[in-house]
Amino acid sequence: MIRGVKGSLLAAVSLAFAGCAATGTSGGGEANSAGDKPAATADKPVKFNKDPYPSTYKPYAGRVTAVRNVTIFDGEGGRIDNGTILLVNGKVERVGGPDTPIPVGDVAVFDGTGKFVTPGVIDIHSHLGDYPSPSVDAHDDGNEATSPTTPEVWTEHSVWPQDPGFSRALANGGVTSLQILPGSANLMGGRSVTLKNVPSRTVQGMKFPGAPYGLKMACGENPKRVYGAKGRMPSTRMGNFAVNRATWAKAAAYKKKMDDGKAVDRDLAMETLAGVLSGEILVHNHCYRADEMALVIDMSKEFGYKVSTFHHAVEAYKIADLLKAEGICGALWADWWGFKMEAYDSVPENVALTYKAGACTIVHSDDANQIQRLNQEAAKALKAGRRMGMQISDEQAWTWLSYNPAKALGIGDKTGSLKPGKMADVVLWNGNPFSAYTRPEKVWIDGALMFDAMDPKRRPVSDFELGQPGEGDVK
């Protein structure tokens, strides 16, 4: 199936601007969600399979690898100059200075003089696979825009593993893991899925083992515009909250029946929301305005769930202290703003201000092109903070791209930083990764060399892309 990594199942130039935009292009009627009609009645309490589509991911074969004489950002804010990193059996074995021992024998040793090593980039907000390239109506699978609450849908059932954008993110952006989300047409858009950025014939073969599911929610303009245009609720922000609260109340009652051992009808929507209320599924909430984020926090306390991350959050700087106090991350753009009213009141220092206030801060993409340069997006945010007088080191800023998104996704114990025992998801950059001139030279995922700029055979090309103009293009 794989010729080197050429002919794998992933990659081609990603021209689609999928984003979180609420397209509402389904054109269908106002179908009820699974929460509106119960499934077949159960005669007695039953336990549902919470993982009916388990990960089948297996790491690709690797070898013992060492990179020495390299500058290392460990992902948690640490830096080692003239450092050495050793990868063994798919894990980080050792990280240290120039005296770090390297075993003899069959070891791939690379000289990193003048180069940098970081953990792989983790994009917490992507639509690769559910808005894949080429961007045509037949591939428009991110928004189930037929009901304002659709927690019963699972984005993995839309993800196309052959999306050429996956390998572009790997080769151009050093992205080793990413969360695929539904779009933002709906208040509750469905379950997200976290993937390892590897070639696979199936989405299950990409699923990050042990990663919790997420629930995509959306505030503000998108839901009220999509459903207001259909002449149905919600058409206002107060309608948004009313529909959310009514749905959470129903979910709380459903969960209480299950907790009490009572019989319940199988309801896919309520199962997802009960998982959120139990803390098993993480909430990722598209939300721009500070006042709405504060209201969502109040609503989460009313019904007993927790928001993991506010996405986009162009006004996070206004409530950064509240985000810190509540332990909520902000997944932010460096400088996207002004494309709609709720995105108007941003500042270029949003990322840096949120970080300096002590809140968990992340730089995300929401775009098939921007995912290929998240290192540069973080660099822009870092530069804006420094212009304002904030002292933020390069190694501290790298937490925005690896460890913080890993924590927000519930996988921080497995990846996101270069600590012994963690997954060997590693990028060797040919210069400082915050330079616009720097590119990934090599990318390892679980210790397997998945991309090598010096070896054309290590440039992934999906089956869909084979024979197409620009096949395997690396910018």
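Q: Where does W337 sit in this predicted model?
A: Look in the loop between β12 (329-332) and α7 (350-356), and you'll find W337 there.

Q: How do you know whether W337 is buried, exposed or partly exposed?
A: W337 has 49% relative accessibility. Buried needs under 20% and exposed needs over 50%, so W337 counts as partly exposed.

Q: What makes the nonpolar surface patch of about 410 Å²?
A: That patch is made by W337, M341 and Y344. To join a patch, a residue needs over 30% relative accessible area, and W337 has 49%.

Q: How do you know that the span of helix α8 agrees with its number of residues?
A: Helix α8 covers residues 374-387, which is 14 residues.

Q: Which residues of α8 are buried, and what do they pack against?
A: The buried ones are L374, N375, E377, A378, A379, A381, L382, A384 and G385. They pack against β6 (121-126), α7, β13 (361-363), α9 (394-397) and β14 (426-429). Just after α8 comes G389, with a positive phi of about 105 degrees.

Q: Why is the link of C219 and C287 called a disulfide?
A: The cut-off is cysteine sulfur atoms within 2.5 Å. For C219 and C287 the S to S distance is 2.4 Å, so the pair counts as a disulfide. C219 is in the loop between β9 (214-218) and α2 (221-228), while C287 belongs to strand β10 (residues 282-287), so this pair links distant parts of the chain, 68 residues apart. The link is left-handed, with -95 degrees about the S-S bond, and both C219 and C287 are buried.

Q: What makes C329 and C360 a disulfide, and is it left-handed or right-handed?
A: Their sulfur atoms are 2.2 Å apart, and the cut-off is within 2.5 Å, so this pair passes too. The torsion about the S-S bond is about 85 degrees, so the disulfide is right-handed. C329 lies in strand β12 and C360 in the loop between α7 and β13, so parts 31 residues apart in sequence are tied together. Both of these cysteines, C329 and C360, are buried.

Q: How many disulfides does the whole structure have, and what pattern do they follow?
A: A search finds 2. Counting bonded cysteines along the chain, the pattern is 1-2, 3-4.

Methods: Residues numbered from 1 in each chain as written. Predicted model: local features only at pLDDT ≥ 70, side-chain atom pairs only at ≥ 80, totals over all residues. Heavy atoms only, no water. Patch = residues over 30% accessible without salt bridge, like charges linked within 9 Å, V, L, I, M, F, W, Y side chains within 5 Å. Areas by Shrake-Rupley, 256 points an atom, 1.4 Å probe, with all protein chains shown as cover. Salt bridge = Lys/Arg side-chain N within 4 Å of Asp/Glu carboxyl O. Helix = DSSP H or I, 4+ residues; strand = E, 2+ residues; numbered from the N terminus. Buried < 20%, exposed > 50% of the residue type's maximum accessible area, 1.4 Å probe, protein only. Expected span 1.5 Å × (residues − 1). Contact = heavy atoms within 4.5 Å.
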